[in-house]
Amino acid sequence: GKRGNKQQRGAKVKEEEAEEEEETESAAPPSLEDFPPPLRVMDEQEILDHLWNGRGSVCRRLVKRLRGELADPAQKAVAGRMAQLLDREQRQVPDRAAARAAMGRLRDLLLELRPTKALRHHAAADLLLLYANTEIWVTLNTAAYAAVASDPLPVYRKDLSGPIPKNDKQKRKRKSSIVKEEQSDGDSAKAPEEEEDTSADDSTVDNEKPVYEYTRTYEAAYVLAQLVEWQNYGQQTKLPNLLGCARLPDPCSCYVGEKAYSNAVRSELLKFIMSPKLRNRAWPSEVMEAFPQAKWEENHPKDAAAVKFIFGSPALDWQMGVDAGLQAVVDALTAALPEDQRPAFTPSPPRGGEGG
């Protein structure tokens with residue numbers, strides 16, 4: 001009857017649940033082969049939005065900053081022409097070639113501005129040259145990799161050096177030193193809820209009770225950092241400095257530094273781009289100081305967060321077998337330098353050749 005059918009259905013459900021449990025237990029744990037790469041190549045529309053079309057694009061941020069800072073009427077007029085160029089081309093940059101041409105016109109307008117004492121406009125113009133001549137752009141695969149915090153790990157008295165005083169003043173001092181010791185690269189330590197101590201001994205805490213909880217936060221770029229910094233055996237949890245070789249500073253960073261973008265700095269930049277060995281590394285300090293990206297990121301955290309994990313540069317293109325943009329940059333920077341300040345030419349090896 002109905003009771004028998006109900007029992008049969010219940011038995012069948014239990015059998016299915018048991019089979020699912022067996023399959024789960026027998027399934028092999030996931031490996032790195034089961035996950036997509038931490039980086040993905042940006043599509044055409046994403047690149048156009050990043051460079052030109054988007055509201056927060058590289059070019060739009062730069063023009064917005066210039067229009068807000070330039071006070072001289074003649075200078076403001078040039079900035080107005082930049083804004084008109086953006087508005088006119090906003091919906092008319094259908095491909096990379098058109099974007100490259102539009103960025104070239106924007107660069108020409110930048111060079112029409114009266115040079116500042118530190119030559120900020122020239123620095124921004126050369127950065128636009130690098131952006132316009134970068135073909136391959138990649139970004140972090142955030143759909144597959146997200147920030148995650150580890151489970152709290154109890155820290156006991158025996159794990160620490162020295163006694164843990166119970167005197168409130170000494171305890172606060174000791175806690176501060178422990179937190180500083182434990183916190184690094186997203187690590188955090190906190191004291192668990194304290195219970196009233198009724199023991200007669202006020203000198204130390206119970207060795208069997210946890211005194212702190214230790215938590216490590218792994219950023220979304222953690223796996224990528226391990227691949228880039230493999231030689232550090234997992235100790236480096238953040239990406240190293242990749243400016244120049246794999247990332248480009250934001251053009252607005254040119255306006256927050258103190259170092260002048262002199263011909264000597266431009267010559268160092270050109271030397272970096274021309275050398276197959278140097279272009280594998282971050283920019284030298286002489287160049288980096290003219291583009292203080294870290295300071296710009298600190299002052300503009302929202303804009304910085306939007307581009308934090310976007311990678312691309314002519315040097316990275318060359319590493320991936322695309323060198324037309326690199327040569328265009330070399331030609332333009334060489335033409336901008338006096339002959340006596342041009343570095344000796346070092347021919348690049350073929351794609352994937354030695355020195356890469």
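Trainee: Is L119 buried, partly exposed or exposed, and what is its relative accessible area?
Mentor: In this predicted model, a residue counts as buried under 20% relative accessible area and as exposed over 50%, with partly exposed in between. L119 is therefore partly exposed, since its relative accessible area is 25%.

Trainee: Where is the place of L119?
Mentor: L119 has a positive phi, near 60°, although the residue is not a glycine. Its place is in the loop between α5 (96-112) and α6 (120-132).

Trainee: What is the volume of the largest cavity?
Mentor: A count of cavities of 30 Å³ or more gives three. The volume of the largest cavity is about 80 Å³.

Trainee: How many residues of the lining of the largest cavity are charged?
Mentor: The lining consists of H50, R61, Y131, W137, R247, L248, D250, Q293, V307, I310 and G312. Asp, Glu, Lys and Arg count as charged. Besides five nonpolar and three polar residues, the charged residues number three.

Trainee: Which helix gives the most to the lining of the second largest cavity?
Mentor: At least two residues of this lining come from each of α9 (263-274) and α13 (314-319). The helix that gives the most, with three residues, is α9.

How values were computed: Residues are numbered from 1 along each chain as its sequence is written. This is a predicted model: local features need pLDDT of at least 70, side-chain atom pairs count only at pLDDT 80 or more; totals for chains, interfaces and linings use all residues. Side-chain values use heavy atoms; hydrogens and water are left out. On a 1 Å grid over the protein atoms alone, a cavity is a set of points where a 1.4 Å probe fits but cannot get out, and a pocket is an open set with protein on both sides within 12 Å along at least five of seven lines; lining residues have an atom within 4 Å of a point. Grid points are joined across faces, edges and corners, and a volume is the space filled by probe spheres set on the points. Helices (H or I, at least four residues) and strands (E, at least two) are DSSP runs, numbered from the N terminus. Buried means under 20% relative accessible area, exposed over 50%, partly exposed in between (1.4 Å probe, protein chains only).
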